[in-house]
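Please look over the sequence and the structure shown here before reading on.

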Amino acid sequence: MFDTFKVDRKSISDEVVQYIKDLIHQDKFSPGEKIPGEREMAKKINVSRNTVREAYKILGAQGYLTIKHGQGVFISDEESQIRNLTSSFFIKKDDVLELFAIRKVLESQAVIWAMENPRLDHHRELKNILEDNKTALKNKASYEELALLDQKFHLALCRMSGNTILIRIMINLIDLLSEVRTQTIQIPGRSEQSLKEHILIVEAMITRDKKRAKQLILEHLSSVEESIIKYQVKDGKDNALV
């Protein structure tokens, strides 16, 4: 699973942070799973123990890892990740509009690339996410769980594009929007509407209708964006969404 790092500069800890984030978002680890300690991880990826220690501290502060002294380092549970990802960000209305503008460019292309390299396991994964979402709505799951499923769907689309740079960019964008996503999920009817839109996107992808799939992902993101703005205006939140 692990790759070695062969660079030697001060920002290497940032690269290790991003590398471990990628593994988490790609479901290489499960929530609550214990990961290699500092010394073992340092050997696996060919960096110093101090670099790993610094990376673990950063990931712990960001909510990705839970460090239990005397026990080890663990992947945080999913709800903690959603709750902590963007606690340090203050997202204003203009920021949200700009972030969604970027998402429309990236995700519409991600869908096209995913369809150019169709795989049955990708279709199964997307269908499983949709089924999990249906079950969560039926069982009146928490807002955090619904937000996580929404995030999982969009990350899966980007991962299926096969473009690693796009995946990294989307991970950071979703980090920025995660608090907004949790608030959006609380808007009456928004979760149900998003699920319907996700289903249509997947159906278009399975039939390899590129034009329709691209149109549907753009319409979906515009729909979510409009919901956020309406929610903001209704609640008198002119300056910020978090």
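A residue is called buried when its relative accessible area is under 20%, exposed when that area is over 50%, and partly exposed in between, with a 1.4 Å probe and with protein chains only taken into account. This is a predicted model, in which local features need pLDDT of at least 70 and side-chain atom pairs count only at pLDDT 80 or more, while totals for chains, interfaces and linings use all residues. Residues are numbered from 1 along each chain as its sequence is written, and side-chain values use heavy atoms, with hydrogens and water left out.

The chain as a whole comes first. Its secondary structure comes to 10 helices and 3 strands, where helices (H or I, at least four residues) and strands (E, at least two) are DSSP runs numbered from the N terminus. Read from the N terminus on, these elements follow the order α-β-α-α-β-β-α-α-α-α-α-α-α. Of the 242 residues of the protein chain, 47% count as buried. The chain exposes about 12,700 Å², and carbon and sulfur atoms supply 49% of that area; accessible areas come from the Shrake-Rupley method with a 1.4 Å probe, and for residues only the protein chains shown count as cover. Among the contacts in the protein chain with a separation of 6 or more, 72% are accounted for by residues 24 or more positions apart, contact meaning heavy atoms within 4.5 Å.

The helix pairs can now be taken in turn. Helix 1 (residues 12-25) packs with helix 3 (residues 49-61) at an angle of about 55°, and their axes are 8 Å apart; here axes are lines fitted to C-alpha atoms, for helices over the stretch in contact, and angles run from 0 to 180 degrees between N-to-C directions. Angles under 35 degrees count as roughly parallel, over 145 as roughly antiparallel, 65 to 115 as roughly perpendicular and the rest as oblique, and helix 1 and helix 3 are therefore oblique to each other. The crossing of helix 1 with helix 3 is right-handed, a crossing being right-handed if the near helix is turned clockwise from the far one by less than a right angle, and left-handed if anticlockwise. On the side of helix 1 the contact includes I12, V16 and I20, while the residues of helix 3 include T51, Y56 and L59. The residues of this contact of helix 1 with helix 3 divide into 8 nonpolar, 2 polar and 3 charged, where Ala, Val, Leu, Ile, Met, Phe, Trp, Tyr, Cys and Pro count as nonpolar, Asp, Glu, Lys and Arg as charged, and the others, Gly among them, as polar.

Helix 3 also packs with helix 2 (residues 38-45), at an angle of about 115° and with the axes 8 Å apart, which makes helix 2 roughly perpendicular to helix 3. Helix 2 passes helix 3 in a right-handed crossing. Here E38, R39, M41 and A42 of helix 2 meet R49, V52, R53 and Y56 of helix 3, and by class the residues of this contact are 4 nonpolar, no polar and 4 charged.

The contact of helix 6 with helix 7 has 10 nonpolar, 1 polar and 5 charged residues. In the loop between helix 6 (120-138) and helix 7 (143-159) is K140, whose phi is near 55°, a positive value in a residue other than glycine. With a relative accessible area of 74%, K140 is exposed.

Which residues in the helices are buried? Q151, in helix 7, is buried with a relative accessible area of 5%, and its C-alpha atom is separated by 8.3 Å from that of R181, 30 residues apart along the chain. I217, in helix 10, counts as buried at 0% relative accessibility. Leaving aside its neighbours within four places in sequence, I217 is in contact with E107, S108, V111, H154, L157 and I201, and the C-alpha atoms of I217 and I201 are separated by 6.4 Å. E225 also lies in helix 10 and is buried, with a relative accessible area of 13%; apart from neighbours within four places in sequence, E225 is in contact with L97, F100 and K104.
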